[in-house]
Amino acid sequence: MDPIRNPYAPGAGQRPPELAGRDRELEVFEVVLERVARGRPERSLLLTGLRGVGKTVLLNTMRSQAISRLWGTGKIEARPDQSLRRPVAAALHMAVRELAPHHRAPVRVEEFLSVLKAFALRSPAGGAGVAGRAGVRAKLRDRWQPGIDVPAASGRADSGDIEIDLVELFTDAASVATDVGTGIALFIDEMQDLTSEDVSALCAACHELSQTGSPLIVVGAGLPHLPAVLSASKSYSERLFRYQRIDRLDRIAADQALCAPAAREGVEYQAKALDALYEASGGYPYFVQAYGKATWDHAPASPVTAADVRVAAPEAEAELAVGFFGSRYERATPAEREYMRTMADVGGADAADGAVATAEIAKSLGRKPASLSPARDALIKKGLIYSGERGTVAFTVPHFGRYLRTQPAADG
Ligand SMILES: Nc1ncnc2c1ncn2[C@@H]1O[C@H](COP(=O)(O)OP(=O)(O)OP(=O)(O)O)[C@@H](O)[C@H]1O
Ligand SMILES: [Mg+2]
């Protein structure tokens with residue numbers, strides 16, 4: 001069928017033509033927004049799940065929900081080894097700019113912006129304050145401008161201790177939102193990549209805000225081990241956040257993700273075609289889009305048949321092998337690849353890519369478990385595997401084990 005009208009959208013953070021199966025999460029968030037705006041106690045929301053289940057898309061949709069309620073919003077994507085300070089400053093700048101037109105006292109907004117500027121320009125206190133490097137840092141700092149047209153304040157959110165500074169900054173931002181009668185939502189994607197210092201600071205700030213009923217919430221998204229990352233930093237984090245596991249779509253939702261956009265183009269699926277598509281995708285949103293797209297391109301006409309799906313599947317698989325699996329596999333070193341291959345073998349064909357005991361991997365490789373820790377830790381840092389439970393590891397990418405088992409072993 002006409003590829004130009006193909007509605008499906010496989011791709012990181014790509015808005016799907018139909019956001020299927022997430023009504024419950026969106027309803028929960030509506031309630032959270034309403035409660036927070038009314039000063040009711042509410043926990044921040046964290047979405048966790050494997051690669052490609054639709055965390056980023058859901059985060060973006062929640063952001064739109066907040067904006068439509070006239071909230072101020074900002075979003076950041078955490079990166080390993082990058083401090084939270086500047087991205088948070090930029091995100092809150094954005095959020096307050098969204099609120100400013102509804103604010104009656106521009107002076108209050110300006111006061112906040114000068115605190116924000118001071119926060120943004122502050123480099124970490126103490127730490128590697130060696131003369132030479134400090135000089136370089138100071139030069140870099142001078143060059144970097146947060147783009148805020150007011151002079152920096154002093155004495156608030158500028159201590160250099162990120163925990164103290166975040167609490168003060170969030171409190172002030174929230175009070176601007178209180179004036180307007182709404183709130184501020186800060187969205188953090190890839191949250192498992194925050195440094196432990198920043199995680200700690202963020203937890204402390206959320207803790208403080210929830211106690212005072214200030215209308216600022218953090219909405220995070222990350223891999224399944226995000227709860228473990230947070231509780232390693234602050235033991236009370238489990239009570240601080242409401243975790244929502246974002247999973248594959250059930251059959252009804254997966255069918256809806258395929259059928260609703262097709263119907264808008266006057267295209268239908270035979271029931272057997274939908275059976276075949278669900279079997280191929282396992283309900284994982286990224287795969288739903290990928291198989292849907294290839295099938296559309298191959299099918300000669302509506303209704304789409306199971307035979308069309310069979311013809312198209314190899315092409316979808318080839319594209320996934322390059323774009324979804326291969327690009328990730330390539331990030332691993334030879335030792336890390338060996339580790340993952342062994343993981344895939346030990347996991348076995350019907351283990352549904354579940355968790356594998358690290359001791360089993362070591363046994364299979366004939367190595368001491370400790371000697372494999374560097375490979376395991378590096379793979380966790382690269383976001384390719386995670387350890388949900390002590391002594392086990394699992395792939396963050398659905399069907400990754402299956403993919404590895406089909407790859408020739410020779411390429412290391
Ligand atoms: N509810 C949904 N219904 C249909 N398609 C969806 C849904 N959610 C996400 N998708 C599609 O799935 C793909 C992956 O979405 P997204 O990038 O948000 O996943 P993610 O969980 O953030 O992945 P990663 O961990 O790699 O960042 C996109 O192509 C998107 O269009
Ligand atoms: Mg994402």
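This is a predicted model: local features need pLDDT of at least 70, side-chain atom pairs count only at pLDDT 80 or more; totals for chains, interfaces and linings use all residues.
1. Ground rules. Local features need pLDDT of at least 70 and side-chain atom pairs count only at pLDDT 80 or more, while totals for chains, interfaces and linings use all residues. Residues are numbered from 1 along each chain as its sequence is written, chains are lettered from A and ligands numbered from 1 in the order in which they are written, and side-chain values use heavy atoms, leaving out hydrogens and water.

2. Ligand 1. It is surrounded by 27 residues (a heavy atom within 4 Å), and the closest are Ala9, Gly13, Gln14, Lys55 and Thr56. Look at the backbone here: a polar backbone atom of Gly13 sits 2.5 Å from an oxygen atom of the ligand, and one of Gly54 is 2.9 Å from a ligand oxygen. Tyr286 also has a backbone N or O atom 3.5 Å from an oxygen atom of ligand 1. Taken alone, ligand 1 exposes 640 Å², and the protein buries 97% of that (Shrake-Rupley, 1.4 Å probe).

3. Helix H15. Helices (H or I, at least four residues) and strands (E, at least two) are DSSP runs, numbered from the N terminus. In H15 (residues 358-365), Thr358, Ile361 and Ala362 are buried; buried means under 20% relative accessible area, exposed over 50%, partly exposed in between (1.4 Å probe, protein chains only). They are on the same side of H15 because they cover an arc of only 100 degrees around the axis (judged by the directions from the helix axis to the C-beta atoms).

4. What H15 packs on. Its buried residues contact (heavy atoms within 4.5 Å) helices H14 (334-347) and H16 (373-381), plus strands S6 (356-357) and S8 (392-395). After H15 comes Gly366, with a positive phi near 65 degrees.

5. Most residues other than glycine have a negative phi, and most peptide bonds are trans. Asp81, not a glycine, has a positive phi of about 70 degrees; this residue is in the loop between strand S2 (72-77) and helix H3 (85-99) and counts as exposed at 63% relative accessibility. His399 has a positive phi of about 65 degrees in the loop between S8 and helix H17 (400-406), but counts as buried at 13%.

6. A cis bond. Ser302 and Pro303 are joined by a cis peptide bond, with omega about 0 degrees. Pro303 lies in the loop between helices H12 (285-298) and H13 (306-329).

Methods:
A polar contact is a pair of N or O atoms within 3.5 Å; within protein, one must be able to donate a hydrogen and the other to accept it, and residues adjacent in sequence count only if both atoms are side-chain atoms.
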